[in-house]
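Student: Hey, I've just opened this one and would like a tour. Can we look at it together?
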Amino acid sequence: MGEAYAQRPALRLSRIGSLRRKRVLVVNAFFDDLRRDTASPNKIPQAMAPFYVAGTFRAELCEVRVYSEHHSGPLRDHSMLAWPDMLVLTGLNVAFDRMLHLSAYARSCNPALVVVAGGHAVRALPNRARRYFDYVCTGDVEQMRDVIRDVFGADHAADELTPRYDLVRHNRWLGYAETSRNCNFQCSFCTMAAEGNGYYKYALDDLRRHIVAMGPKPHVLFLDNNFYGGNHGFFRARMELLRELHREGRFGGWSAMVTNDFFVKQENLDLARRAGCRALFSGVESFDTAVLSGVGKRQNLVLPQFDVIRRCLDAGIMFHYGMIFDLSARRISEIRQEIELVLDTPGVPLPSFVSMTIPLLGTPYFRECVARETLLPRVKLRDLDGFTLSLAPLDPMDEAIPFARDLPSLRGYRTRIMRKTLDVLRRNYRSMNWFQLMLTSANAFLLCAPNVINAPLLFSRRPPKRSYVSTTEPIDPLYTPEFPVQAKFRDHFIPTMVTDREGMLASDLLLDYRPDGQRVGTYAAVRAVADRVA
Ligand code: SF4
């Protein structure tokens, strides 16, 4: 568990006042990858952290509302922002600035508001976050209980954590849960390697309680970072539980994210299938051995990756995966050959997403980029989204920019994507059920036309003309305040910079990172500062 740093340690119940239930607004802050500003109601997966956070408050004493910008688009409801006594913000690294915007709006409406921030964004920048938020949570969701006790009193924290499924609005046919947290691997580009938290297993009783609380669902998606986790005993115990719940009719099927070592034992696939597993997602990242070794993803080298995919499909389980491309280390021609390899290999499904490798703050890959001096000048944190160039490409910019522009929709490959999808459907339609076939078909449209699937009939305002290079990429319109904010919050709308004009680490990062990209201090040091202040 990490630490909650209290910027204003004396924020207690007496300051919040009144006998009415405390009002809590939990917001998942989000910048859209494709720079749209509308809802994406069909996007899968949706963020679940806010609903777990909401479950830490005692419902009898706290009225909790959840708003997911990931699902519903930017939060623009002034009355909702003015409503809470406490605003809790979560988000990925890229959403740090959006968390600042939301806190500026809400604080301008209510100066007594308590703002709590957690998730990957503040774990990447804990010291910078302390300048803006009252409580900075660098640990797991349970840490919210400490904050609740401090602000509202111990009785306002729930005795046991149950996600607030009653507040979920998205994809009602699909339930989300997690059975574990973190990962037993440390791939160099992954936030897991930046945060270094140990693998955490939910108790089986808690897991059962969460799934029962969700209510019956046609399908459940387990959002663990690594569902397998390398602990075979824990895996077997969960398979027994899921088999039982499946028989009870709690869900029609389930899917999860696993690492490649899961596929080494055929028994794992058999157990999963019998427990109702219909699809697995695995981080393939690349079919190139040198690339996988380079990012420390040696677990993907144990079995040939195409064999893994075929094993999974032969077991009657759909295989989904993602691919990432590092333009600062590979030629575009080589990357195109890899895409062609996937398209030309019979029976191998399409990836569910493709993106450029992101130099996420705090990761070994980030430090490597700083050491290699491959970060471009004037890179903005908001642009570390996998679809904007933030690293100097090996190829000339006039080749890299069209590649980055076309990557999200794999423009140039659409006919072959459709042919490929028909091939996969033809080969597997006997062993797959309607749900699996539907997902396979949807994946093709998701790749070619993500907006049509994620946000049908929702039209975004046209964003400023994009450059696809962070150095020159215009900032989103969301950086212009949409309602009046107090002058002291105007700096919340200035983008957080990763690099300066020379491509060196920007001063915005230097509270948390040394110029060589190493972290300044540790979470323990942050705790020590908090204790001194208190
Ligand atoms: S296996 Fe996946 S979750 Fe685990 S560290 Fe690697 S990329 Fe991250």
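This is a predicted model: local features need pLDDT of at least 70, side-chain atom pairs count only at pLDDT 80 or more; totals for chains, interfaces and linings use all residues.
Student: Let's start with the ligand: which residues are around it?
Tutor: The residues around the ligand are C183, F185, Q186, C187, F189, C190, M192, N225, T259, K297 and Q299. Residues are numbered from 1 along each chain as its sequence is written, and side-chain values use heavy atoms, with hydrogens and water left out.

Student: How does the shell around the ligand divide into nonpolar, polar and charged?
Tutor: It has six nonpolar residues, four polar and one charged. Here Ala, Val, Leu, Ile, Met, Phe, Trp, Tyr, Cys and Pro count as nonpolar, Asp, Glu, Lys and Arg as charged, and the others, Gly among them, as polar.

Student: OK, switching to helices. Which residues of α15 are buried?
Tutor: In α15, these are I332, I335, E338, I339, V342 and L343. Buried means under 20% relative accessible area, exposed over 50%, and partly exposed in between, with a 1.4 Å probe and protein chains only. Helices (H or I, at least four residues) and strands (E, at least two) are DSSP runs, numbered from the N terminus.

Student: Why do they line one face of the helix?
Tutor: Looking down the axis of α15, the buried residues fall within an arc of 140°, so they line one face. That arc is taken from the directions from the helix axis to the C-beta atoms. On the face turned away from the buried side, α15 carries the exposed residues Q337 and D344.

Student: What covers the buried residues of α15?
Tutor: The cover includes β13 (318–325), α17 (397–406) and α18.

Student: At what angle do α15 and α18 cross?
Tutor: The axes of α15 (residues 332–344) and α18 (residues 414–428) cross at roughly 35° and come within 9 Å. Axes are lines fitted to C-alpha atoms, for helices over the stretch in contact, and angles run from 0 to 180 degrees between N-to-C directions. On the α15 side, E340, V342, L343 and D344 make the contact, with R416, I417 and K420 from α18. Contact means heavy atoms within 4.5 Å. By class, that contact has three nonpolar, no polar and four charged residues.

Student: New topic: where is L102, and is it buried or exposed?
Tutor: L102 sits in helix α5 (residues 96–109). With a relative accessible area of 0%, L102 is buried. Not counting residues up to four places away in sequence, L102 touches V27, A29, E69, L75, L81, L87 and L89.

Student: And what is M144 in contact with?
Tutor: Setting aside neighbours within four places in sequence, M144 contacts V53, T56, F57, M86, V88, V116 and C137. M144 is in helix α8 (residues 144–151) and counts as buried at 4% relative accessibility.

Student: Is R35 buried or exposed?
Tutor: R35 counts as buried, at 8% relative accessibility.

Technical notes:
A residue is near a molecule or strand if one of its heavy atoms lies within 4 Å of it.
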